[in-house]
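Colleague: Please take a close look at one part of this model and describe how it is built and what surrounds it.

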Amino acid sequence: MLFFLETVITGLLAGVMYSLVALGFVLIFKASGVFNFAQGVFALFAGLALYDFIAEGGWFHDLFGFVLPVWLGIIATMGVMVIVAWLVERLVLRHLVNQEPIILFMATIGLAYFMEGLGDTLFGSDVKPLNIGLPNGAVDFLLDNYNLYIEKLEIFAAVVAAIMVTVLAIFFQKTRIGRALRAVADDHQAALSVGISLRTIWVIVWSVSGFVALVAGIMWGSKSGIQFSLSLIALKALPVLILGGFTSVPGAIVGGLIIGVGEKVAEIYAGPFIGGAIENWFAYMLALAFLLFRPQGLFGEKIIERV
Amino acid sequence: MAYERNIGETILSVDQISLSFGGVKALSNISFEVKEHEVFAIIGPNGAGKSSMLNCINGFYHPQEGTVTFKGQKRRRVRPSEAARSGIARTFQNIALFKGMSTLDNIMTGRNTKMTTNIFWQALHFGPAMREEAEHRTQVEKVIDFLEIEAIRKTPVGKLPYGLQKRVELGRALAAEPDLLLLDEPMAGMNLEEKEDMCRYILDVNDEFGTTVVLIEHDMGVVMDISDRVVVLDYGKKLADGTPDEVRSNQAVIDAYLGVSHDDE
């Protein structure tokens, strides 16, 4: 029983990490109907940039001979992500207004490869341990009293994710800019006609998702170092999104949790019977089942089609 | 008209507008003026360039030649968001609503240009942003009352029947408290009763708020009834403008509508 509980909790916390990446996807999808394939690379890019601002081995240190304190490094990285967002709007999106979603999607694939190459060139391709002083190790209290092994870092990530989701949900539902974001997602022309500037909205939304990518980058980087495999997590976020619904912020979280738990439980309890490595494909099978029976996901906006 | 309005100075003046898409000339040398508080109709056969004309006025299209002067500001290339901010609101021929959002939220987006709090307060959803939200909600409720759509306030607009969607779209335009309201075929596809309702709303808006209305419409009965002046376009050229009576008796207009062969084709 205790082992089962530990499995579930570990799964939940791993799920939080998936959710963090999925959240970035949802934001951009909600606001521009674009599935941003580059989101995983954004997280990687943010992590790399942060590392270089605050670590001894980074080029900021090479250039100026000192490193930034962590908080300043985070702000500077956020600045970098805003610039990236602005450039994406300026160089990519602006020229693709009113194009088919599939074209925008292809553009983000290109963007993903470009950013990955750029990150490689700028920051190098070795694994970088990111240490910004987040708590790590097991939660002693639980380990001593209940013999449960749970990472402090993962608890911390869960708290951060919870706060972020709350803020974002309010932002989207209750504010003018949130409404403008949803409006842009729905109909470009109509949004323009009520005085919403597409350019501003796109810069805002890509910046916000850049911020989410930064948080995801920090969490993943603290957990397993910043490495290029981080961009592959984007693929894991896809089933998370199918489960939760592409347009739902809470959906991204719940989807991430279900996949996190499902993977771990399936691996441990069903693995021995069918040869293991379930963790690698479980999420995709689950997504497939969802596509068959509930294509809008758990929380996605109902697809309304009048005929 | 039963009531009297003060037709004022020129609010919108379109001067020598020419617009082409590649080799296709959509508009050539169109000029007309719209006076304050007027109901002004643009009519013409299909493909005459009526919608293109509206798109030039609100900045969706940038004409290659000519200028649009709105409230004394002369401009050639204007962004749609700037046009909206300067007081131009519009509806579309094929309804362009935010389908996943409720009626209320759709109309709230119309208040976009009137909202001023910055993104910082917005993000926190606190302080000034919250107060502002409440004020605008009050305005939106007025629009909802005016259009008699209280019952569908919370309904996602994608689920509404066509006629009501048209009404919500008008509501969104009205929420911006525009000086100039552009309506692209507001009555297309409606039944008689819905058309009468829509006419009444248009006239009421014009009457109560003094909003200048420029509309495109195919139903000649409606156009001749509610418009103060009419401009007729055909193949991107202006055939005539004037009061409904003048236009009705204009030979070029009669030819265009009854289909006399065009020598210059």
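Modeller: What follows concerns a helix pair in chain A. The model is predicted, with local features needing pLDDT of at least 70, side-chain atom pairs counting only at pLDDT 80 or more, and totals for chains, interfaces and linings using all residues. Residues are numbered from 1 along each chain as its sequence is written, and chains are lettered from A and ligands numbered from 1 in the order in which they are written.

Helix 7 of chain A covers residues 152–174 and helix 10 of chain A covers residues 198–224; helices here are DSSP runs (H or I, at least four residues), numbered from the N terminus. The two pack at an angle of about 175°, and their axes are 11 Å apart. Axes are lines fitted to C-alpha atoms over the stretch in contact, and angles run from 0 to 180 degrees between N-to-C directions. Helix 7 and helix 10 of chain A are therefore roughly antiparallel, a term used for angles over 145 degrees.

Helix 7 of chain A brings Leu153(A), Ala157(A), Val160(A) and Met164(A) to the contact. Across from them, helix 10 of chain A supplies Val212(A), Val215(A), Met219(A), Ser222(A) and Lys223(A). Contact requires C-beta atoms, placed from the backbone, within 7 Å. By class, seven of the residues in this contact are nonpolar, one is polar and one is charged (nonpolar: Ala, Val, Leu, Ile, Met, Phe, Trp, Tyr, Cys and Pro; charged: Asp, Glu, Lys and Arg; polar: the others, Gly among them).

For chain B, the domain assignment gives domain 1 (1–87 + 178–265) and domain 2 (100–172), with bounds from an automatic or database assignment. Eight residues of domain 1 of chain B are in contact with six of domain 2 of chain B.

Conventions. Parallel < 35°, antiparallel > 145°, perpendicular 65-115°, else oblique. Contact = placed C-beta atoms within 7 Å.
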